[in-house]
Amino acid sequence: MSDTRPSGAHDDRRPGLHPDPETQVAPAVAPAVRGEREGAEVADPARAGTPGPAEIPVTADGGDSGDADAATPPEQPHSVDDLRPAQIVSRLDEFIIGQESAKRAVAIALRNRLRRQRLPEAMRQEVLPKNILMIGPTGVGKTEIARRLARLTRSPFLKVEATKFTEVGYVGRDVEAIVRDLLEQTITEVHNDRVAEVEGSARDTAEERILDALVEAETREPKEGAGRGRGRAAAAAATSGGDPEPEAETAGTPVADPEVDRRRSRLQRRRLRQRLRARQLEDRLIEIEVEEPYQPMVENVSGAGFEDMGATLADFLSQLAPPRKRMKRMTVADARTALVDEETDRLIDMDRIYDEAIRLVEDSGMVFIDEVDKIAGQGSEHGPDVSGEGVQRDLLPVLEGSTVHTRYGAVHTDHILFIAAGAFTMSRPSDLIPEFQGRFPIRVELRALNENDLERILVEPSNSLTKQYTALLGTEGVTLEFTPDGLRELAHQAAQVNLQDENIGARRLFTILEKVLEDVSFRAEEFAGQTVVIDAEMVRSRLGDLVRNEDLRRYVL
């Protein structure tokens, strides 16, 4: 967005304070400002230890690199374009245990996207993504695979529930809202990236505007004091019947030297800048001019096909009325926040953000449709099934490739990757209408988790539950130590409960661990500085009665 940044945006000063920008003022001020900005890391303790947005390296999976890059094996590529299917599966293995067939399917789909980008334009338009249908019980990693893949590639990603939509013409959300929501989310992400890019320039410009207000306030105070003094002298002279003789006093006043005034102004501005960056003026009140955008009172219109009407009408009315500017009195800290936001909006071209977001959605968007099995089955005997076959029929054009009109422009869904998932315990994939089945040519089955898988889930993933609880309690000085037999007992208890009651997969570990560590979490301050060992005996003592008692187990675990 460098071409949208106005020239000289970092030195936005009012003409009243710098009346002669073409002469000696600009050469004298600019080097001092640059020199002070170069030393800002020392002068501003709040900025000293915090890298700017452009200085924070970002890894391929969306997280800040920092120490993580040092732990990354050197053979792993840093660019998504260099990821081979085997390497994608290896990255997914860091978070998901097992389910190799599902990982291979999504890895191939991701690699095919890159291959498509390398094709000639004519062939590129002919190659369509192969949508994936995941079949497996709950808690085995269906959603996590899709979410981690999107984070790995930094692709636009949206997870929706198939049961939230109804057939067009009935009360509820229509299926085109999926594309609109995906675009809205992508616009927010792209906007945040642009904000990070221009934040430094916006802060510099906001700092100059705050300095203008501070200099103006300090310049106005002596003049107001002198004016009040002359007024009191004139009133005293009138009371005594004397003559203040203003001409004589004026004649004795020395003529101001413009060069001396400019030098004094530069020194004053430099002193205020140092105090401002040292956060010594945060509570001082200043008057600044801020923009207040026009906000029309428009009621939201609900119903199928009308979700964007209220927002579009509000945008149209806000464009008709220009933003209002008015003077507001606030502290320096509040003024900095308000001015940084205002300058950031001024430096960002929203039309380019909309175009970029639409391009990202069309080329690399991913939609995960969960609970597809809930809309499968035969139609209702007493009328149309508006939440079942009707939704499947409405999804067909979106899955096949159509144009969805949004408030930001038209979005083509031809190359969006759709991943559907369902447990299919009460129905089968063959219960879906044939046209819907044909839109998902790749089917993968995820197996249920056994005791060995649950034990690996407790230890191997980089975000495992044991690491999470250890980090949480470590903030209060409590050290958790999970022994091998304790981990096996936790997995065994979770597997037994899944076998005897409803099988909810790895989600059972949340309940088991929370119950085992309930007492330690509740009285963490009493265990500060101690090491709490989670072994098999402790697990059995905390869960033994609950697991054996069927009635308690159903309601507690």
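Analyst: Helices (H or I, at least four residues) and strands (E, at least two) are DSSP runs, numbered from the N terminus. By that count the protein chain has 23 helices and 11 strands. This is a predicted model, in which local features need pLDDT of at least 70 and side-chain atom pairs count only at pLDDT 80 or more, while totals for chains, interfaces and linings use all residues. Residues are numbered from 1 along each chain as its sequence is written, and side-chain values use heavy atoms, with hydrogens and water left out.

Grid points are joined across faces, edges and corners, and the volume is the space filled by probe spheres set on them. The second largest pocket holds about 810 Å³. Its lining has 34 residues, and Gly139, Val140, Gly141, Ala506 and Arg507 are the closest to its centre. At least two lining residues come from each of helix H8 (142-153), helix H18 (465-474) and helix H20 (507-516). H8 gives the most, with 4 residues. By type, the lining has 14 nonpolar, 11 polar and 9 charged residues; here Ala, Val, Leu, Ile, Met, Phe, Trp, Tyr, Cys and Pro count as nonpolar, Asp, Glu, Lys and Arg as charged, and the others, Gly among them, as polar.

H20 also has a buried side. Buried means under 20% relative accessible area, exposed over 50%, and partly exposed in between (1.4 Å probe, protein chains only). In H20, the buried residues are Arg508, Leu509, Ile512, Leu513 and Val516. Seen down the helix axis, these residues fall within an arc of 125°, so they line one face of H20. The arc is taken over the directions from the helix axis to the C-beta atoms. An α-helix has 3.6 residues a turn, so residues three or four places apart point the same way.

Helix H17 (residues 451-459) can be read in the same manner. Asp453, Leu454, Ile457 and Leu458 are buried there. Their arc around the axis is only 140°, which puts them on the same side of H17. Contact means heavy atoms within 4.5 Å. H18, helix H19 (484-500) and H20 are included in what covers the buried residues of H17.

Now the rest of the chain. Of its 557 residues, 39% are buried. Among contacts with a separation of 6 or more, 78% are between residues 24 or more positions apart. A nonpolar core is a set of buried Ala, Val, Leu, Ile, Met, Phe, Trp, Tyr and Cys residues joined through side-chain atoms within 4.5 Å. The largest nonpolar core has 60 residues, and Leu183, Ile286, Ile288, Val367, Phe418 and Phe436 have the most contacts inside it. Helix H9 (residues 177-240) gives this core 15 residues, the most of any element. A second, separate core has 58 residues, including Val444, Leu465, Val532 and Leu543.

Notes:
On a 1 Å grid over the protein atoms alone, a cavity is a set of points where a 1.4 Å probe fits but cannot get out, and a pocket is an open set with protein on both sides within 12 Å along at least five of seven lines; lining residues have an atom within 4 Å of a point.
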